[in-house]
Amino acid sequence: MSDSKPITENEIDDKGIMAGVEKLSPEKIERVINEVITAETGAKLKVYVDTCVHCGLCSEGCHYFISRDRDPKFSPAGKVKQTLWEIMRKRGRVSPEFIKNAAVVAYTQCNLCKRCAMYCPFGIDIAYVMSVMRRICHKLGVVPLYIQDTAHSHSVTANQMWVKDDEWIDTLMWQEEEARDEVSNLRIPLDVEGSDTFYSVIGPEPKYRAQLIYQAAMIMEAAGESWTMPSSPGWDNSDMCMYTGDYEMMERLKKVHFEAAIRLKAKRIVMGECGHAFRSVYDMGNRALGWKMPPIPIIHAIEYYHEIFSKEKIKIKKKFDRPVTLHDPCNIVRGRGLHHMAREVVNATCKTFIEMTPNCEHNYCCGAGGGVINCGPPFKNERVESSKAKAEQLFAAKAKGAEVVIAPCHNCHGGLEDIIHHYGIDMELKFLGDIIYEIMEIPE
Amino acid sequence: MHDIYSLVTGPLAWLSFALFLGGSIFRFTSLYRLAQKKDSAVFEYMSLRYALRSIAHWLTPFATRNMRLNPAMTVVTFAFHICLFIAPLFLFAHVILIQESFGFHFPTLPNAVADILSIIVVLSCLFFAGRRMFLPEVKYLTTWVDIAILVAVAAPFFTGFWVYHQWAGFQTMTLVHIFSGELMIAIIPFTKLFHMFLFPFIRGYIGSEFGNVRMAKDW
């Protein structure tokens, strides 16, 4: 907590943004903006910006707006006003100062959660407009330092966390060894050709949360899954380049990931509990590569858990007995409608399930999504303050008796952890995998 | 006076219709061409079923969460849009004009009803203007063009009401009424009023994305 610094409107304490802005000139801004607008956008952006009737009805859709005492600057259309409206109106003739503010708005004041698209009467996709702004900022070299660092890591290592090739294999072997204390013949199968399941995770799993790989291996073992992980790059399904606006790198990352699974002749990819990675493989990355749908069947962990419970591939000792509530992550709920399956898995594994409201498609974002948490300490205080609505939602679920928050997404974990800590909510956070591992019968 | 009357009911009327039709066709075709060239993915993901599902929800009062969160706005918006179309199209005086000019006739509204519908339109515009002036999140977004459009929409109804009741200067007001109506029609393709044609496409696209790809509701 001590490393986080508050920011004010006039003082932006981010070296990435500041260094980028210093190198800008009005000519460069105009040239880059017009390149992006003419080469990369079309009728969609034009129609969105031209059609918005400034009714303000999208405001209710945004947790920033609600959390920041209904400050108009934080309403979805208010953010478009500070970015693309002005840019389109002035045909790119905006100042470096304008770009500085626009970068802060686009990268740190919007989680790209698409909730506002469900509140705008026209269904204008403001997350798309913010993504265009990020794309412009990326091409101008004005990107928050911390998220740019993860993008650099993607460029160098094809994973988000600077994990070296040998460290990856070493981590898997370490987790396999640990798990063998419980199940003596357990394997984390590497590079097995023709498996049913290619399991991929995000960079932070081997880096910080290696026990999740352990748990996944136990679940796969218990379910009798024929599975594998790759020993070389392609194991990381995460994608911060998608959020910085570096679409060229996004394409390369997705290609490496899809091709790793295809090279091993896997029948499908199963992903760990991550939301943004799902958006990247199912929505943005595959499309950028020209695939209408992913080139190989790909399912999120929730779908996998749902499968093993509905096909009774796994036995449980007894249901998890502390009351739980469920956080619906944007990218797999508004991105894939997995809220029904998630509830079925929760009901199959937990004794008492308490809904938080609003829920399902209308759930509030954790505040971390869209790469906002990845913008790091300079924006942390503002991010947590902008999650007051989420905190109130959690307090309400707690008042109904919920002790544990299940969040089947890594970014949500990061965001909710900060909210729980900052607002003193005293709830425990878990992945669905944590619950399943805790209650399942360990195979012999 | 008579010359001006001839002007507004003759050439200006035709000019207004021409601008409306020509402008709308131009904007449509240019946007369609641009979309084909640059947003071909939009066509790939369009789904008639889910587009209609979304449009139906957003055209049904209180069928969406946001409409329930803003009951006053919902009632006013629906009343406004319905009256905006019904009042001028089925007004007795307009139907007579159409019959005299083009020879076909369709049902008319009782004058008292048309009167009420016009009042609803004007009051709705006042409500919208009030939102623009007093609601911070709307005020922040409001430009002079937004206010001008509200005036342009309210004017034909306000002046029509004036003329029907034959208040002072109603003859001059008749000219203002006709001109303001023509102006409103003519600016549709060139302003945010064009949302009347774009609504089904924007809504339909996000409805298709949500329904067909994201398997989620968008209301």
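**Close-ups of a two-chain predicted model**

Chain A and chain B bury about 4200 Å² between them, with 58% of that on carbon and sulfur atoms. Keep in mind through all the views that this is a predicted model.

**View 1. Where chain A meets chain B.** Here 56 residues of chain A are in contact with 41 residues of chain B. Which three residues supply more of the area that chain A buries against chain B than any other three? They are His54(A), Phe122(A) and Arg287(A), with 15% of that area. Polar contacts run across the interface too: the count is 30 residue pairs, both partners at pLDDT 80 or more. On the chain A side, at least two residues each come from helix H2 (26–40), helix H3 (43–51), helix H5 (76–89) and helix H14 (276–288). H3(A) gives the largest share of that side, eight residues. Sort the chain A residues that touch chain B by type and you get 26 nonpolar, 13 polar and 17 charged.

**View 2. A salt bridge across the interface.** Zoom in on Arg70(A) and Glu137(B), whose side chains meet in a salt bridge at 3.7 Å, N to O. How many salt bridges cross the interface of chain A and chain B? The rule finds five. Side chains of opposite charge can pair when their charged atoms come close.

**View 3. A salt bridge inside chain A.** Counted over all chains, the structure holds 41 salt bridges. The one picked out here joins the side chains of Arg93(A) and Glu30(A), 3.5 Å from N to O. Arg93(A) sits in the loop between H5 and helix H6 (96–108) of chain A and Glu30(A) in helix H2 of chain A, so this pair ties together parts that are 63 residues apart in sequence.

**View 4. His54(A) and its backbone.** Is the phi of His54(A) positive or negative? The phi of His54(A) is positive, near 60 degrees, and this residue is not a glycine. For background, most residues other than glycine have a negative phi, and most peptide bonds are trans.

**View 5. A cis peptide bond in chain A.** The bond to look at runs from Thr357(A) to Pro358(A): it is cis, and omega is near -10 degrees. Pro358(A) is found in the loop between S6 and helix H18 (380–385) of chain A.

**View 6. The S2-S1-S3-S4 sheet of chain A.** Four strands make up this open sheet, in the order S2-S1-S3-S4 and with parallel pairing. Its edge strands are strand S2 (227–228) and strand S4 (298–300) of chain A, each pairing on one side only. Strand S1 (residues 197–200) of chain A is joined to S2(A) by two bridges, and these strands run parallel. Which residue in S2(A) does Phe198(A) stand opposite? That residue is Thr228(A).

**View 7. The S6-S5-S7-S8 sheet of chain A.** This open sheet also has four strands, ordered S6-S5-S7-S8, and the pairing is parallel. Strand S6 (353–354) and strand S8 (428–430) of chain A stand at the edges with a single partner strand each, so one side of each has no neighbour in the sheet. Between strand S5 (residues 324–326) and strand S7 (residues 404–406) of chain A there are three bridges, in the parallel sense. For a residue pair to find in this view, take Leu326(A), whose bridge partner in S7(A) is Ile406(A).

**View 8. Chain B and its annotated spans.** How many helices and strands are there in chain B? Twelve helices and zero strands. The C-alpha trace of chain B spans about 60 × 40 × 35 Å along its principal axes. An unreviewed UniProt entry places the feature "transmembrane region" at residues 12–29, 75–97, 109–129, 141–163 and 183–206 of chain B. Pick out residues 109–129 of chain B: that stretch is 90% helix and 0% strand, and its end C-alpha atoms are 28 Å apart. For residues 141–163 of chain B, the span is 87% helix and 0% strand, with end C-alpha atoms 35 Å apart.

Methods:
Residues are numbered from 1 along each chain as its sequence is written. Chains are lettered from A and ligands numbered from 1 in the order in which they are written. This is a predicted model: local features need pLDDT of at least 70, side-chain atom pairs count only at pLDDT 80 or more; totals for chains, interfaces and linings use all residues. Side-chain values use heavy atoms; hydrogens and water are left out. Contact means heavy atoms within 4.5 Å. Buried area is the accessible area (1.4 Å probe) that two parts lose on being put together, summed over both. A salt bridge is a side-chain nitrogen of Lys or Arg within 4 Å of a carboxyl oxygen of Asp or Glu. A polar contact is a pair of N or O atoms within 3.5 Å; within protein, one must be able to donate a hydrogen and the other to accept it, and residues adjacent in sequence count only if both atoms are side-chain atoms. Ala, Val, Leu, Ile, Met, Phe, Trp, Tyr, Cys and Pro count as nonpolar, Asp, Glu, Lys and Arg as charged, and the others, Gly among them, as polar. UniProt positions are given in the numbering used here, feature names are shortened, and annotations may be inferred rather than shown by experiment. Two strands pair if DSSP finds at least two bridges between them.
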